[in-house]
Amino acid sequence: MGSRYLWPWLLVLLGLAPVGAQQKPVNMLCSPDLAWCEALVPAFKQATGLDLRFVRLSSGEALARLRAEAQRPQFDVWFGGTGDPHMIAFREGLTEFYKPRSWNQLRPELRAAVGETYIPLYMGAIGFVVNHQVLERRGLPEPKRWTDLADDRYRRLLAMPDPNTSGTGYTILATLVQLYGEDRAFQLLSRIHRNVAQYTRSGAAPGQLAGRGDVAIAVQFAHDGVKFALEGYPLKVLFPLEGTGYEIGGLSLVKGAPNREGAIRFIEWALTPEVQALAAKVGSFQIPSHTKTPVPPQAPRPANLIRYDFNTFGTPEVRERLLNRFNKEILPLPR
Amino acid sequence: MPAPRPLGPTGLPWPLLLALLAWGLLPWERGAGASGPASGPWALGGGLAFGLALALALFQGRVPPGPRSLGRVGVGLLQGAGLGLFLVDLLTAEAVGPGQAAVTLLALFSLGHWLAGSTPTRDPLLGGLTWVAVALVLLFIPYPLWVLLRTLDLGRIPALLADGRFLLLENPYTPASEAALALAVGGVGALVGLLAARGRRFLGLGVGLALGLAVGLALFGRGALPTSLLVAGVVAPLATLLGLGFALLEYSQAPPWTRALLRGLALLPLISPPFILAFALILAFGRNGFVTHHLLGLDQNLLYGPLGVILAQVLAFTPVAYMVIRGTVQNLEHSLMEAAATLGARPWRVFRTVTWPLLRPGLANAFLLTVLESLSDFGNPLILGGDRQYLATEVFVAFTGRYDPVEASFYGVVLLLLVFLVFFLQYRWLGRAAFITATGRPSRGGGGPLPPGLGAVLAGVFLLWAVLTLGLYGSVAVGSLVKLWGFDYTFTLRHYQDFLVLGLPVFLNTLKVAFYAAVPTALLGLFLAYVLQRQELPGKRVLEAMTLLSFAMPGTAMGVGYVLAFNPSPWVLTGTTLILVLALVFREVPVGVRAGVAGLAQVDRSLEEASATLGASPLRTLARVVLPLLFPAFLAGLVFAFVRGMTAVSQVVFLVGPGNLLATVLLLGWVEQGQMGRAAVMSTVMVLSLVAATLLLWPLNRRLDVRLGGLP
Amino acid sequence: MGLRLEGVGKRFGPVPAVEDLSLEVPPGAFLTLLGPSGCGKSTTLRLVAGLELVDTGRIWLGEREITHLPPHQRGLGMVFQNYALFPHMSVLENVAYGLRSRGLPPAEVGLRAREALRRVGLEGFENRPPHTLSGGQQQRVALARALVLEPPVLLLDEPLSNLDAQLRRQLRVWLKSLQGELGITTLYVTHDQEEALGLSDLVAVMRGGRLEQVGPPEEVYRYPRNPFVASFMGQGSFLEVLVEPGAEGLRAQLDGLGFPVWAPEPFTGPGLLFLRPEEVVLGGGSLPGRVRTALFLGERVEVYLETPWGPLLAFGPREPRPRPGEAVAWGFRGGVVYPRGAGDVPGPA
């Protein structure tokens, strides 16, 4: 008879057991490569004893998530990803600017470019990630300039991220506009469009397609291409001669973070040279923002960077207008 | 007029009053942006106090007086308190005001308890449970849908309809006029309809025009609507035809190994995440695919786009069609064919004049189900869709990529309308009964031998399909063991080592979540089935319709509904494991209900009546007679809910949060990011474990496949 | 303990299943509800059991009103047509089920359950699953399961109708003696009039949800209150006759002769004369008739006659077998008359 009445107690014990002893974990929105995010978890635990939990979302998705949760944020900190969404998040009051102790040791040009909106984490430039096997098989030359992408011989051999869903895609769009002026840029895009096999949802996906040989040329961040090449894919990273745009990857403190204290500890920790050096070990070859962090030898170095105007192209109005134009004038074109 | 004698604990609803008091005393969250939901000692205390009060109420008046009754009341009190504490703890997960939820539910329970207690037919406890179940169903099925609809801003609909991502018919950049072409096809359709429908020309004209326009739209238009229609329009007939062929093959005089292979292979896509086939197709048929590149030396990229999605969906949904049609073929009376044969009809004539007309309802059912599946499919278009838009993925992209809840809900509503249209057609053509035809009593049906030519063709097609399916799953398994698929086929265990670190915790979490979801799904399903079948309840039909609603809703629409409904206060649930569990539970609860109804059909009413006349209370009857007899049904529901929970993507992709990532979502991310090796490991582990789970319970679940058959 | 129904009514939707039914089963009596299917007899039983709830009226068990009690609180024993044995329990567990529901100590439960099984002659079957037993054995288990609780009233819903004819006869005898032994008040539902006559202390004939007649079997058989009861209980023929008053009661006019007859309510004029075949004497009178056909049924021969007043059924001699077309003179010992055109004239019996 007695045993019949034991089960609720068992349930209570089971239910109560995990509660209590734990410290509040830090919840991170993580936008760079998954491996980087994954590498942070044990390192942070070792350094601080705190648990780090993350969800990997591309920067556009991460912004969407922050907006959705504006009333009651679940995340404490947003790590990595293209700068524009970080800037928009700051302007919309989703994140707050936190000046880390190491602020003055960050690369000054990056600091200057973003102002006091978010913390620069790394810098990475747009490049062409080229599958040389596919090109050789077809006897095609490597593309050297943005205008080469419009060459008819590359028909259906191109992949680039969709600017609607990917920060990388928007950076490419903005780069072209800054290089050629808006109207000429769209003319060029309409010709490139015919060669595009696929606009991908995420920024790193074109390199995947190129790596697997689904396309020959991927337009995306060069450092991702290097990573894939090191994994064994027959890839090569090139930079357009006209100059190229770049991103300043961000690190932001979420406004109203449930664990603000933990988030700040994370930010301070993540900016240390040792932690920044972690990225190269797991195949992320951006140029780190801390001046003392060694630049990984594999990191691609573009010869010619444009003067990317983050302030103009980071505003929602400009973004909205360019995207609308892209959706109206480029996407419907037949291929 | 004899007054109804109040039964139950007492005539006074004092537990109810107490509950209401506790509820009112809670420090409810006021205003937006407060630091957190109300919890803390007040709510906890209230919940506990209520648990105690309830236990007291339940045991008062029920225990026969005697020396031991005091002890039993005490035990009851402890039990009630324990349960209250457990409930509170269960709900403490980060977000929801635990006391609020617990006390609200308990108050509802108490209300039902009291109301049922004052009528003699219903057991108070059952009544209380019914109220709680109804409240939960209301909250988690129609409410998110309502929020989704409410989000839709009517003023923006014209712009959204005109958006090229939704529908682009007249492309200004092409020389041809797509609208004219579509209209022409519509005209042809109208003409055909007019000629085909003798007698009811007007109807024929209308249906023909509508179908023709839809076809024209699908062929010439761009954007999510035409693409989804195109894919569904190709996949459904193909899958239905293949399904029919396989079903006929199974029940003809095919060699026994065909049957075994057929059943095994048909189950595989049903119990694996739906987009694994898409992933495998890339491995086999992509530009560097093993078949297309290494074997055939082709250099093509046709897989990304509608073609690839169609291929993946045909492979994935043929089993669904097969399972549905199988039920119909099973019920074919063999003697009818024999009668036709003795009347001198040749095999082909028998097939055409007897078999085919009998099969038609099953075919229509399978057709519409595959249309539904194809429309709401999320994973395959996401992976293989190329840069075409699809309704189900646009819901997701609009919400997470462009963060536009209005647009997301617009796509969700369009999808929902299409699904309702399909259900409406099904209802009109087949009537309600057709939904529930899957009886699963294997009889000596099956229609007998096929015409010789047909049999050979079917066997050939099936072999091809079997080789393809096996090859695809096999390539996933192999892919998990090679360094870099397509380039470096040296053997490695590196991906498995990675999996141990990165994938295993997520996989285990998924197991946990799926199991957490499966138990309440099966229990709630059984309970609702019992209430719907055996209890008098006003509004029973509405309740039934509501459970079906969640079943019809495309997963992405439901997912967005959940995010929109349960992120703002007071239902702050997003990001918790609880919401994942809830989403799964209420998504799969119709399955549980169906399993329960099927099980209850086997339990004769007189058994319950006998138990009642022997002095057992309704609850005791339920526990001692009904539940034990329903155990196989419960188990079937449990396994099925578990499998569906493990493989669910579309409804949870919005809901995963930090620390509760699910395997399917991670897998989708890995595939998207090109981590093919890891993705292959995860797929292999998932498929193997689900196969193992199903096989383990197979002897107990002979009817599982039939139930699977009826599901969109 | 006695059972009393007062003006009980029950509708299913618009259809009345039982209407204004009042009935009393005295303590220890065996009352049978008899009627064609759909007459409301099973519904009445279910109302008593509490499996359906009455719309109007009251039900009393002795001095206690049970109208609104749920079935499990009524404490009545019930046996179902399909036995309703719990398939997932052994025979013993089935019998013990009710005792366990009452929360009796396990030792007592076992003892009493075994005793009940012994009483129905099923010792040694304790651990068998019910479906391995024959139909008759299963029904005895069901009976044991109901009786073990020592209910004040036993309700039996066509308990023998699923059994074959031989077994039904055996069980009928056994059931009657068991009921007599226990002296338990019993309400029995059947559509088999032979069963009703053989088992009952009282028979209640129902039609269309209403009670037609209640009384001891002999009384109902010999003095049916209306043509329906007459035709439903046993065999008989209706002849169209003229009824006139006689010296000692009523007389029926046939062939110029007046025969003494009984009527439930005295009347004169055109009437229906109901004759049981055993009351008809072939060759023992002067009434004319002609044999249409004769059926040999073993212990008797049924002779179907054409008479000027209508077709007539009689029992005839085995030897010489009456041949079709043969003219026979006949008479009768006693009959019942009903006024003609009362609306409830039954078809040919």
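Let's start where chains B and C meet: the contact takes 20 residues from chain B and 25 from chain C, with two residues counted as touching if their C-beta atoms, placed from the backbone, lie within 7 Å. On the chain B side, the elements that give two or more residues are α25 (605-613) and α26 (618-647) of chain B. Of the elements there, α25(B) gives the most, with six residues. Helices (H or I, at least four residues) and strands (E, at least two) are DSSP runs, numbered from the N terminus. Sorted by class, this side of chain B has eleven nonpolar, five polar and four charged residues. Here Ala, Val, Leu, Ile, Met, Phe, Trp, Tyr, Cys and Pro count as nonpolar, Asp, Glu, Lys and Arg as charged, and the others, Gly among them, as polar.

Keep in mind that this is a predicted model, in which local features need pLDDT of at least 70, side-chain atom pairs count only at pLDDT 80 or more, and totals for chains, interfaces and linings use all residues. Residues are numbered from 1 along each chain as its sequence is written, while chains are lettered from A and ligands numbered from 1 in the order in which they are written.

How far can you trust chain A? Its pLDDT (the predictor's confidence in each residue, from 0 to 100) averages 86, and 93% of the residues score at least 70.

Chain A is divided into domain 1 (24-123 + 247-300) and domain 2 (125-246 + 315-330), with bounds from an automatic or database domain assignment. Their C-alpha centres lie 26 Å apart, and the contact takes 18 residues from domain 1 of chain A and 19 from domain 2 of chain A. On the domain 1 side, α3 (59-68) and α4 (83-91) of chain A are the elements that give two or more residues. The largest share, three residues, comes from α4(A). That side of domain 1 divides into six nonpolar, nine polar and three charged residues.

Finally, look at Val77(A). Leaving aside neighbours within four places in sequence, Val77(A) is in contact with residues including Val26(A), Leu253(A), Phe266(A) and Ile267(A).
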